[in-house]
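Here is a short report on one chain.

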Amino acid sequence: MKFISAALLLISSPGAISFSAPAKSAPMPLSNTDASGNTVDPLLIRAARGEKTERVPVWMMRQAGRHIKEYRDLCKKYPTFRERSEIPDVAVEVSLQPWRNYQTDGCILFSDILTPVPGMGVEFDIDEKVGPVVKPMRTYEDVEKMHLIDPSTAAPFVAEALRTLREEVTPETAVLGFVGCPYTLATYLVEGKTSKEYLEIKKMAFTEPKLLHMILKNLAESISEYALFQIENGAQLIQIFDSWAGHLSPRDYDEFAAPYQKMILDKIKEKYPTVPTVTYIKHSGALIERMAATGVDVVSLDWTVDMAEGRERIANGRAKAGISGPGGVQGNLDPGVLFGDFATIKERAEEIMKKAGPTGHVMNLGHGIEAATPEENAAYFIETVRNFRHEA
């Protein structure tokens, strides 16, 4: 593997890592090259574009991480999340573990949605028990300290890791990037940490909406740049996570989440129209049509939505917004099913694939894989999907 030299690393404080910014490299090609020198698009990318594929592609949200013993062993040497995600060779190794172990069709960068925020003037740390911790942002003075990100300076390790992943995986494997959406990022910035009720950000939304919109706009502008940066350095698909937007009413989703998702999606499509985009929101059953109306290529459903009904609602949402085509779908096996026996895993996974139909479906879980999931069950899920074929 071709990794950045450890000599470039400077750990300046616990959890904070700084780098010498590398010279800007030429953008990576969006397609891969096979052993014969032919240009190929990975299976997952073709499915996300709505093309007919030879089988259903599969990967798992949070596939890299705590459920894998190799990862837990690696944590003993690199005890903080920021070390594991911001030292390029470590991030690459963690990203590759599930791809090597399970033969997933997507290899997603091991990172965090908060990774780019220091480049916007917002420092954070990740407490291994509490999660992300940020100094709460609740005044105009706090917001004025934010600035537009320069990703090549703020996150050179992301570029290094993505480029290495493109070299390491097979031509039929898609390298996946991801970003957090403005509303979900704002929940951390305003609350200061993970929350169950999100009362501080809702209080801001209802008492100082202009202040919240300022935060959201700043985030959208920087996250757009960060998404483009990932594509330029090897990401072949971008998944946008607005995980906590599911706590919003439909009216508030329309005001505080959807417009800023659309800003990011529009920026990606303006510069890279062939790069597929995916949106995921946890507990999004009330919002599916609205998610589809943003123009995202693929809506990732959580496990609380019936797949056949979800596909119909995605198509209806796109049609109502004047967007052509039925749109793609990702998901949506309940992660809890992976604690069942093999027969249950197979039956539930195949039921979803049959309901999704033969085109425009990327198989996944309806949320991230649980840390206690047996590795053999995760492997069996991936094997089941890879062996499945739709009837002609």
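## Charged pairs

R49 is partly exposed, with a relative accessible area of 33%. Here buried means under 20% relative accessible area, exposed means over 50%, and partly exposed lies in between, for a 1.4 Å probe and protein chains only. The model is predicted: local features need pLDDT of at least 70, side-chain atom pairs count only at pLDDT 80 or more, and totals for chains, interfaces and linings use all residues. Residues are numbered from 1 along each chain as its sequence is written, and side-chain values use heavy atoms, with hydrogens and water left out.

R49 meets D41 in a salt bridge, 3.0 Å from N to O. The term stands for a side-chain nitrogen of Lys or Arg within 4 Å of a carboxyl oxygen of Asp or Glu. D41 is partly exposed at 22% relative accessibility. How many salt bridges does a search of the whole structure find? The search returns 22.

## Two bridges within helices

Helices here are DSSP runs of H or I with at least four residues, strands are runs of E with at least two, and both are numbered from the N terminus. In helix α3, R82 and E86 lie four residues apart, about one turn of the helix. Their side chains form a salt bridge of 2.8 Å, N to O. Both ends are buried: R82 has a relative accessible area of 6%, and E86 has 1%. R82 also lies over the face of F124, at 4.4 Å from the ring centre. That contact requires NZ of Lys or CZ of Arg within 6 Å of the ring centre and within 35 degrees of the ring normal.

Helix α15 (residues 342-356) holds K355 and E351, again four residues apart, about one turn of the helix. Their closest N and O atoms are 3.9 Å apart. K355 is partly exposed at 34%, and E351 is partly exposed at 34%. Elsewhere, salt bridges that share partners join R46, E54 and E172 into one network.

## The sheet

Seven strands make an open sheet with parallel pairing, in the order β5-β8-β9-β10-β11-β12-β13. Two strands pair if DSSP finds at least two bridges between them. β5 and β13 (361-362) stand at the edges with a single partner strand each, so one side of each has no neighbour in the sheet.

β5 and β8 pair in the parallel sense over three bridges. I108 has L176 in β8 as its bridge partner. β8 and β9 pair in the parallel sense over five bridges, and G180 stands opposite F241 in β9. Further along, three bridges join β10 (residues 277-280) to β11 (residues 298-300), which run parallel. There T279 is partnered by V299 in β11.

## Strand β8

Is β8 buried or exposed? Seven of its seven residues are buried, so the rest of the structure largely encloses β8. In a regular strand the side chains alternate between the two faces of the sheet. Both faces of β8 are covered. A174, L176, F178 and G180 are buried on one side, and V175, G177 and V179 on the other.

## Aromatic rings

The count comes to six aromatic pairs. Rings of Phe, Tyr and Trp (its six-membered ring) pair if their centres lie within 6.5 Å; planes under 30 degrees apart are stacked, over 60 edge-to-face, and the rest tilted. F81 and F110 form a tilted pair, 5.1 Å centre to centre with 45° between the planes. The pair links distant parts of the chain: F81 is in helix α3 (residues 81-86), and F110 is in the loop between β5 (106-108) and β6 (124-127), 29 residues apart. F81 is buried at 14%, and F110 is buried at 7%.

F178 and F241 form an edge-to-face pair, 5.7 Å centre to centre with 85° between the planes. F178 lies in β8 (residues 174-180) and F241 in β9 (residues 237-241), so this pair ties together parts 63 residues apart in sequence. Y71, F81 and F110 form one aromatic cluster.

## Cysteines

With a disulfide defined as a pair of cysteine sulfur atoms within 2.5 Å, the count comes to zero. For C75, the nearest cysteine sulfur is that of C107, 17 Å away. C75 counts as buried at 19% relative accessibility. C181 is buried too, with a relative accessible area of 0%.
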